[in-house]
Amino acid sequence: MKVVHAKDVTLEEVNAEGASATKIRWLISQKDDAPNFAMRLFEIEPGGHTPLHKHDWEHEVFIVDGEGVLVFEDGEKPFITNDAIYVESGKMHQFKNTGSKLLKFLCMIPHEKPVVKKTINPFAGGKANNC
């Protein structure tokens, strides 16, 4: 179990090529023994954006505060505070802050390589201890 205030999680620069004025907090990740998903909080300054990119996993996004546009292969869709966004795997996408204040959104993604927990120890009777 983990309970943490977002402000207590390190705010890191997003240094990916094509990103501008974007930072991230890894709220929950594999470091927390979360076996399947990561929860990230992005913070984008006015005029900033994530890189235009695609990958083999989906995103579930919730806009905490601010406004912007989701850029994708077929155009742009605006979003505002409290909107939920689904980004399909394999689709080009980018988040842009078009507002006058900080854009904050939660983004949940699956781990690239989920943790596989063993349930049987082949070297002894009984259950494994996940070593």
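## Largest pocket

The largest pocket holds about 450 Å³ of space, where a pocket is an open set of points on a 1 Å grid over the protein atoms alone, fitting a 1.4 Å probe and having protein on both sides within 12 Å along at least five of seven lines; a volume is the space filled by probe spheres set on points joined across faces, edges and corners. This is a predicted model, in which local features need pLDDT of at least 70 and side-chain atom pairs count only at pLDDT 80 or more, while totals for chains, interfaces and linings use all residues. Residues are numbered from 1 along each chain as its sequence is written, and side-chain values use heavy atoms, without hydrogens and water.

Lining residues, which have an atom within 4 Å of a point, number 27 here, and W26, R40, F42, W57 and I109 lie nearest the pocket's centre. The largest share of this lining, 4 residues, belongs to β9, a strand (a DSSP run of E, at least two residues, numbered from the N terminus).

## Second largest pocket

The second largest pocket has a volume of about 230 Å³, and its lining includes L70, F72, I85, Y86 and V87. β5 (67–72) and β7 are the elements that give two or more residues to this lining, with β7 supplying the largest share, 3 residues.
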